Amino acid sequence: MKTAVVGAGASGMMAAVWAARAGSDVFIIERNDRPGMKLNITGKGRGNVTNNCDIQTLIKNVPGNGRFLYSAFNSFDAQSAMAFFEELGVPLKTERGDRVFPVSDKASDLTAAFNRELKKLGVPVIKDKILNIETENGRVCGLTGEKNKYHCDNVILACGGRSYPKTGSDGTGYHLAEAVGHSIVEPRPSLVPLNVKGSIPKRLEGLSLRNIAVAILRQGKKLYSDFGEMVFTSFGVSGPVILSASAHVAREKLFPCTLVIDLKPALDEAVLDRRVLRDFEENHNRDFANSLGKLLPTKLIPVIVELSGIPPYKKVHEITRAERQSLVSLIKGFSLEVMGAGPFDQAIITSGGVSVREIEPKTMASKLVKGLYFAGEIIDVDAYTGGFNLQIAWSTGVCAGVSAAEEVIA
Ligand SMILES: Cc1cc2nc3c(=O)[nH]c(=O)nc-3n(C[C@H](O)[C@H](O)[C@H](O)COP(=O)(O)OP(=O)(O)OC[C@H]3O[C@@H](n4cnc5c(N)ncnc54)[C@H](O)[C@@H]3O)c2cc1C
């Protein structure tokens, strides 16, 4: 078997290693000068390599077609991925939320380990950009690149999605798959900042909120809720809870929707009201605008004061009970209108891609073209943050690699 892997990203390198270990003659074609450009920047350069959890938890963290990955996760789970990297000489550690990182905190150590292993297995990485998959009688027979033509028996398409296109994954893989008959579920940015209507984000730009609860509502229905950390950007909101929320709304383009932030989730309205009352008593003769310093971050105070409708220079002792209660409701339900998701170049991943209906879940083989396999983000699967997206790359990469090498040509 001569197996060509298109793309030396996380999934392509994994597929190539396992195809070679299973006995295939493998080569990788990568358009960039170096393999693993995206892998090197994962986890802010620290490489959140997987999540040390069980298969059910992996699937739960894949809102986009999680069930499709059951077989792949079953054959190569998070613990298998950890053992794999440890064997390649990358010691790992598990942090908060079961997130796994190299002990060195360097994602580039993962790429370096792949490079060593590929070299050991005799797998060359050829620099070229693939433009077409060649087929004969419904079977893959080669590839055409910008520079050369390549003969092969199998092709593993591991070209990634469309997010962070400067890393090389700019969506060309979808065209390659489409040209041989595959359907592409519209790619959309996911794990991406959300754009918010109006000037509030700009006024709050850079402000991080910790220990807040968020909910995303649309037409009265709660689409998502979470607890954690977020940050305001010039156009909207970002940070862990927002990126996870985006995975729910971006896929179905559920915009506009409302982001409701509970700034004090640990206190119910009655307790918060008593707390505000106490602060007001301490600031009895001050202006309202100067009375919230203990309750809210400084940058947020003018915005909350404005939205409360209470005149900023009103003396605290003149504030009515109804005004105080509306302030409490505002702190428990600070609402922003979300108009859409940020662009692909800010998205951690792409939701959408090659339809899972046309891929065998056990082997990652195309149901339409013999000898064609898929691995990684090019497939219509997407997960939350926490190491789950790389785990998808590892599991599908191993499946595609082993299946391609073991395929018997009829
Ligand atoms: C900033 C950032 C941080 C992230 N952090 C994490 C994290 O910590 N944990 C986690 O689980 N996930 C993380 N992710 C997501 C994760 O990086 C991806 O899900 C994963 O890299 C997908 O692997 P892949 O092999 O499918 O695609 P990619 O890694 O994108 O690799 C695709 C490769 O194919 C090449 N290619 C594309 N088209 C062609 C062509 N026509 N010819 C030749 N070569 C081609 C590209 O140049 C590229 O090298 C992060 C993503 C980003 C952008």
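Before the strands, a note to myself: two strands pair if DSSP finds at least two bridges between them. Helices (H or I, at least four residues) and strands (E, at least two) are DSSP runs, numbered from the N terminus. Residues are numbered from 1 along each chain as its sequence is written. I am working on a predicted model, in which local features need pLDDT of at least 70 and side-chain atom pairs count only at pLDDT 80 or more, while totals for chains, interfaces and linings use all residues.

**Entry 1, the sheet.** I began with Lys2 and found its bridge partner in S2 to be Asp25. Strand S1 (residues 2-6) and strand S2 (residues 25-30) run parallel and are joined by 5 bridges. I then followed the open sheet across its 5 strands and noted the order S6-S2-S1-S10-S19, with parallel pairing. Strand S6 (125-127) and strand S19 (372-374) stand at the edges with a single partner strand each, so one side of each has no neighbour in the sheet. On average, neighbouring strands of this sheet are turned by 25 degrees against each other, direction ignored.

Helix H1 (residues 10-21) packs on the sheet and touches S1, S2 and strand S10 (154-157). For contact I use C-beta atoms, placed from the backbone, that lie within 7 Å. The direction of H1 makes about 165 degrees with that of S2; axes here are lines fitted to C-alpha atoms, for helices over the stretch in contact, and angles run from 0 to 180 degrees between N-to-C directions.

I wrote down domain 1 (2-190 + 351-406), domain 2 (194-263 + 335-341) and domain 3 (269-332), with bounds from an automatic or database domain assignment. The centres of domain 2 and domain 3, taken over C-alpha atoms, are 24 Å apart. Their contact takes 6 residues from domain 2 and 7 residues from domain 3. On the domain 2 side, helix H7 (residues 200-204) gives the most, with 3 residues.

I count a residue as buried if 20 or more other C-beta atoms lie within 10 Å of its own, exposed if 12 or fewer, and partly exposed in between. A nonpolar core is a set of buried Ala, Val, Leu, Ile, Met, Phe, Trp, Tyr and Cys residues joined through C-beta atoms within 7 Å. Which residues touch the most other members of the largest core? Among its 107 residues, they are Val6, Ala15, Ala16, Val155, Ile156, Leu157 and Phe374. H12 supplies the largest share of this core, 11 residues. Domain 1 and domain 2 both give residues to this core, so it lies between them. I also found a second, separate core of 11 residues, which includes Val305, Val316, Val328 and Ile331.

I looked at H12 itself too: 18 of its 19 residues are buried, so the rest of the structure largely encloses this helix.

Leu131 is in strand S7 (residues 130-136), and Thr144 is in strand S8 (residues 139-145). Leu131 counts as partly exposed because it has 13 C-beta neighbours inside 10 Å. Thr144 has 14 and is also partly exposed. Leaving out residues up to four places away in sequence, Leu131 touches Thr144, Gly145 and Glu146.

Key. Two residues are in contact if their C-beta atoms, placed from the backbone, lie within 7 Å.
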